[in-house]
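Open the model in your viewer and keep the sequence panel beside it. This tour says what to select at each stop.

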Amino acid sequence: MSFGWGQDCDGGNYNCDLYTEECEILLGCNESDLQILQDFIDLNSINYLEYFQQDFFDVNQNGQVDPLELGSQYWENSNLVSLGLGLIRLGFYEFGYFIIDSFPNSFSNLDSLKSFGLYGNIDEPYDLEFPEVIFELSLEYLNISSININNNILPHLMNLTNLIELNLYNIQL
C-alpha cells in the first residue's frame, strides 16, 4: 500500500498524494467511514508529531491528525475500500510507525472495505489482541506485518470467505 492522504470524496475514485489541493477537500465522503477513521485516532491517541517530530504529515497544518490523513487510504464512490494503518510511508521511503493497539467497535461498519493492512515496526513488533471484528468484514486482501498476535486468529480466517490474498509477515501467533 502506498501512503495516501485526504481524499476528495465526490463519488470518484481517489488515492491522493501529498500536497495536492484536491486532497484537502471533503466532498461527499461517507460520513460513517470518516467517523470510523476518527474513532481510530481517538481510541489510539494518534498524534504524528509525537512519533515523528515532523509536521509535513499534517496536510492542512492544523496540528492534529484528521481522518483523511490517517494511514494509507483508497476511496471508491465515496466509500473507503482500502485502509493501511501503522506504517508511515511516502513513496518507498518509510518515515516510521504508529501503534494501533485498539480497534473501535465501529470498524465492522466499514461495509465497502476490501483491503486492510496493519503494519508494525519490523525491529520492534508489538503485542496485539487481534480484534475478531475484522473477520466480520468482506475483505479480499489482508496484510499483517510485525505484530505479535496474542489470540488464535487461525479459526477465524475461515470466516473471510471473499479473501483472495493473505499476507502474514514477521508475526508471532
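**First stop: a serine in a loop**

Select Ser 106. With a relative accessible area of 15%, Ser 106 counts as buried, because the cut-off for buried is under 20%. Bear in mind that this is a predicted model. Now show the segment around Ser 106: this residue lies in the loop between β5 (93-97) and β6 (115-119).

**Second stop: a hairpin**

Select residues 72-76, strand β2, and then residues 79-85, strand β3. The two strands pair in the antiparallel sense, and five bridges join them. Pick Glu 76 next. Its bridge partner in β3 is Asn 79. Two residues sit between the strands of this hairpin.

**Last stop: the whole chain**

Clear the selection and colour by secondary structure. How many helices and strands are in the chain? Count three helices and 10 strands. Trace them along the sequence, and the pattern reads β-α-α-β-β-β-β-β-β-β-β-α-β.

Now switch to a surface view. The chain exposes about 8500 Å², with 45% of that supplied by carbon and sulfur atoms. Of the 173 residues in the chain, 49% are buried. Finish with the contacts. Among those with a separation of 6 or more, 63% link residues 24 or more positions apart.

Note on methods. Residues are numbered from 1 along each chain as its sequence is written. This is a predicted model: local features need pLDDT of at least 70, side-chain atom pairs count only at pLDDT 80 or more; totals for chains, interfaces and linings use all residues. Side-chain values use heavy atoms; hydrogens and water are left out. Two strands pair if DSSP finds at least two bridges between them. Helices (H or I, at least four residues) and strands (E, at least two) are DSSP runs, numbered from the N terminus. Buried means under 20% relative accessible area, exposed over 50%, partly exposed in between (1.4 Å probe, protein chains only). Contact means heavy atoms within 4.5 Å. Accessible areas come from the Shrake-Rupley method with a 1.4 Å probe; for residues, only the protein chains shown count as cover.
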